[in-house]
Every structure is written in C-alpha cells, then in structure tokens.
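Biologist: Could you show me the structure, please, and then take me through it step by step?
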Amino acid sequence: MKTLYAVFGDPVGHSLSPVMHNAAFAALGMDCEYHKFRVTKDDLKEAIHGAKAMGFGGLNLTIPLKEKALRLVEPDPLAEAVGAVNTIEFRGNSIIGHNTDGVGAVNSLKLSGIVISHSNVLLMGAGGAARAVAYQLASKGARVTIANRTPKRAVELAANVSSVGRVEGTGLEDLASLVEQSHIIINTTSVGMHPDIDQTLVTEDMMHAGQVVFDLVYNPLQTKLLKEAKKAGAITVDGIKMLVLQGVESFRIWTNAEPPVDIMERAVRDVLGKQ
Ligand code: NAP
C-alpha cells in the first residue's frame with residue numbers, strides 16, 4: 001500500500017511541495033504519494049491526529065500553522081528554539097515536530113560557496129521565515145542585524161535569538177548604511193512577491209560588487225531585488241534553493257533515504273518557469 005505524505009496550510013493551493021516530493025519518490029522508485037490539504041488553525045490538531053491514524057508517513061506545515069503546531073506536537077530542540085514547526089514525523093506513538101526552514105536557508109548559502117561564520121548579515125524582515133533563518137545564522141557564528149518595518153518585532157526577535165549568537169534588531173530607517181556594511185543581505189519580507197513584482201527595499205545604488213544577496217521570495221524567480229543586485233555586481237541566491245533544501249531535510253527525516261536534490265530542484269523550477 002502507498003505511503004501518503006502531505007502539506008497542510010491555509011491557503012495551500014500555491015504550494016510546490018507536492019511537485020518536489022513526488023519527483024523525489026518517483027526517482028527513487030518509492031511507493032509514496034504527497035498531497036496538499038487546506039487545513040485551518042482550528043482543525044489542525046484533528047488533522048494531524050487523523051493523518052497519524054491513517055498511517056501517513058509525515059507532514060509539512062505552512063502558513064499559518066507553523067507556530068500553532070508547536071503546542072500540538074513534541075517539538076525537537078531546534079523547533080522549540082525557533083518557535084515553529086514545519087515538519088512532522090510520526091515515530092511510534094510520538095508526533096515529533098521539526099523545523100527545517102533555517103537549515104534550508106543556511107545550506108542554500110553554503111552550497112553557493114558562501115561563508116557564514118563571522119560575516120555581517122543584514123536580515124530584512126522579522127516574520128515567520130526570519131525567525132528560523134536568524135536562529136540558524138546566529139548559531140553558525142554570523143553577526144546578524146535584523147531590520148524590520150515594525151522595529152519592535154525586529155528587537156523582540158533579536159532578543160529571542162541572542163542566546164545563540166550576536167543579533168541586533170532595528171527599523172528600516174538606516175537601511176542604506178546597513179546594506180553598505182553587510183557581507184550578506186537577506187530579504188525575508190514579502191516585498192517583491194507576486195503581484196507586486198516591481199518592489200524592492202534595496203536598489204542597485206545601495207549595493208556593491210562582492211556582496212551576497214539572498215531573496216527568500218521565489219515567485220517570481222528573479223525578483224526585483226535580485227535583478228538590482230546583479231546590476232551592482234553582487235552574488236545572488238534565489239529562494240528556490242531554500243525551498244528545495246528545507247524539503248530535502250524533511251525528506252531525510254521521514255524516509256532515512258538520500259533525496260535526489262537536483263531532481264527536486266528541477267521539478268520546482270520547471271513549474272515556476274511555466275507560470
Ligand atoms: P510573514 O510572517 O507574514 O512576515 C512578513 C514580513 O515582511 C514582516 O517582517 C513584514 O514586516 C514584512 N513586510 C511585509 N510587507 C512589507 C513592506 N511593504 N515593507 C517592508 N516590510 C514588509 O511572512 P513569512 O512567512 O516570513 O514569509 C515572508 C516571505 O518569505 C514570503 O514571500 C514567503 O513566500 C517567503 N518564504 C520563502 C521560503 C523559501 O523556502 N524560499 C520559506 C518561507 C518563506 P512587519 O513586521 O512590519 O509587518
């Protein structure tokens with residue numbers, strides 16, 4: 001009998017996780033299928049227990065369920081520290097919560113040959129994605145400045161993450177000088193995401209050659225920020241790498257198999273390329 005996997009979210013129609021994981025299952029000849037289900041926050045507990053009762057192999061969670069899930073599962077230390085669960089593992093009678101978002105982001109940089117330790121990182125945004133990324137960067141020895149439209153959120157996030165490394169929080173007022181001083185600039189805001197594809201917080205004139213610019217937004221693939229960064233001579237990393245690499249970590253947790261990373265990435269890029 002097939003083993004089923006799924007992503008729960010609300011909305012979830014946009015999720016590329018089924019495309020990515022089904023490509024991996026097919027490539028490895030595994031008798032598994034991955035689906036997406038719209039699940040509200042109110043129904044999350046029943047949905048997780050229902051999936052467990054039906055013998056699902058594992059789950060991913062997306063907006064707006066990641067924080068709520070923390071109280072419904074046994075979070076591992078990383079998920080507990082980050083305050084969010086994006087991967088659920090059914091192990092015996094236990095329902096374990098993991099968070100692979102930050103690892104996916106850091107591995108995106110590492111695979112692009114970028115050194116994180118001792119780098120000055122400017123993290124724009126203090127929402128759900130920023131949380132996981134800030135925690136991983138700080139624990140890998142980066143000096144992180146979180147700059148957010150609502151400064152209070154940046155300061156609070158920095159305080160939460162400061163137990164693992166050097167993190168400060170601020171607003172967007174001094175963005176130009178923060179950009180100037182940073183080796184790595186990461187956009188974790190939704191600025192530039194479809195349909196507002198002409199928006200960016202940072203323009204060509206603010207960046208310089210040799211800097212690394214990583215945009216978590218992957219719809220469109222080439223965001224306005226990445227286009228501006230290229231014009232400035234910066235090294236760019238797009239959001240697909242993180243999407244794939246967080247999925248790769250989930251796949252490893254569920255199956256103990258080595259996921260075919262290139263096939264998963266190609267499957268996602270094919271779909272986005274056609275949109
Ligand atoms: P979120 O929790 O809603 O946070 C949104 C962040 O964007 C907040 O910091 C918000 O600032 C900021 N923001 C929104 N509009 C802004 C504007 N006009 N100007 C300045 N700042 C603005 O969202 P999220 O879950 O963190 O996701 C953020 C983005 O990352 C989305 O585009 C998502 O698709 C992408 N993402 C990608 C991956 C991947 O694998 N590549 C994974 C996760 C998320 P305030 O605090 O002031 O509201």
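This is a predicted model: local features need pLDDT of at least 70, side-chain atom pairs count only at pLDDT 80 or more; totals for chains, interfaces and linings use all residues.

Biologist: Let us begin with the open sheet. In what order do its six strands stand?
Modeller: The order is E2-E1-E3-E5-E6-E4, and the pairing is mixed. Strand E2 (32–38) and strand E4 (74–75) stand at the edges with a single partner strand each, so one side of each has no neighbour in the sheet.

Biologist: How many bridges join E4 to E6?
Modeller: Two bridges join them, and the two strands run parallel. Strand E6 covers residues 94–98, and its Gly97 stands opposite Pro75.

Biologist: Are the faces of E3 covered or open?
Modeller: Both faces are covered. Gly58 and Asn60 are buried on one side, and Leu59 and Leu61 are buried on the other.

Biologist: Which helix lies across E1, E2 and E3?
Modeller: That is helix H1, residues 17–27, and it runs at about 170° to E2.

Biologist: Now H2. Which of its residues are buried?
Modeller: In helix H2 (residues 44–53), the residues Leu44, Ala47, Ile48 and Ala51 are buried. They cover an arc of only 100° around the axis, which puts them on the same side of H2.

Biologist: Why would residues with such spacing point the same way?
Modeller: An α-helix has 3.6 residues a turn, so residues three or four places apart point the same way.

Biologist: What covers that side, and what is on the other one?
Modeller: The cover over the buried residues of H2 includes E1, E3, helix H3 (66–69), E5 and E6. On the other side of H2, Glu46 and Ala53 are exposed. After H2 comes Gly55, whose phi is positive, near 80°.

Biologist: Let us change topic. Is E7 mostly covered or mostly open?
Modeller: Strand E7 (residues 120–124) is mostly covered, as four of its five residues are buried.

Biologist: Which strands does E7 pair with?
Modeller: Five bridges join E7 to strand E8 (residues 143–147), and these strands run parallel. Met124 stands opposite Ala147 in E8. E7 also pairs with strand E10 (residues 184–187), in the parallel sense over four bridges. There, Leu122 has Ile185 as its bridge partner.

Biologist: What do E7, H6 and E8 make together?
Modeller: They make a right-handed β-α-β unit, in which helix H6 covers residues 128–139.

Biologist: What about the largest nonpolar core, how many residues does it have?
Modeller: It has 28 residues, and those that touch the most other members are Leu109, Leu123, Val133, Leu137, Ile146, Ile186 and Phe214. The elements that give two or more residues to this core are helix H5 (101–111), E7, H6, E8, helix H7 (151–161), E10 and strand E11 (212–215). H6 provides the largest share, five residues.

Biologist: What does Leu109 touch?
Modeller: Beyond residues up to four places away in sequence, Leu109 touches Ile114, Ile116, Leu137, Ile184, Ile186, Val212, Phe214 and Val237.

Biologist: And Leu243, is that residue buried or exposed?
Modeller: Leu243 is buried, with a relative accessible area of 11%. Leu243 belongs to helix H10 (residues 239–255). Apart from neighbours within four places in sequence, Leu243 is in contact with Leu16, Met20, Tyr218 and Val268. Leu16 and Leu243 are 227 residues apart in sequence, and their C-alpha atoms are 8.7 Å apart in space.

Biologist: Finally, the backbone. Which peptide bonds are cis?
Modeller: Most residues other than glycine have a negative phi, and most peptide bonds are trans. Among the cis bonds here, one joins Ile63 and Pro64, with omega about 0°, and Pro64 lies in the loop between E3 and H3. Another runs from Asn219 to Pro220, with omega near 15°, and Pro220 is in the loop between E11 and helix H9 (224–231).

Biologist: Where is His118, and what is its phi?
Modeller: His118 is in the loop between H5 and E7. Its phi is positive, near 65°, and His118 is exposed, with a relative accessible area of 58%.

Notes:
Residues are numbered from 1 along each chain as its sequence is written. Side-chain values use heavy atoms; hydrogens and water are left out. Two strands pair if DSSP finds at least two bridges between them. Contact means heavy atoms within 4.5 Å. Axes are lines fitted to C-alpha atoms, for helices over the stretch in contact, and angles run from 0 to 180 degrees between N-to-C directions. Buried means under 20% relative accessible area, exposed over 50%, partly exposed in between (1.4 Å probe, protein chains only). A crossover is right-handed if, with the strands pointing away from the viewer, the path from the first strand over the helix to the second runs clockwise. A nonpolar core is a set of buried Ala, Val, Leu, Ile, Met, Phe, Trp, Tyr and Cys residues joined through side-chain atoms within 4.5 Å. The arc is that of the directions from the helix axis to the C-beta atoms.
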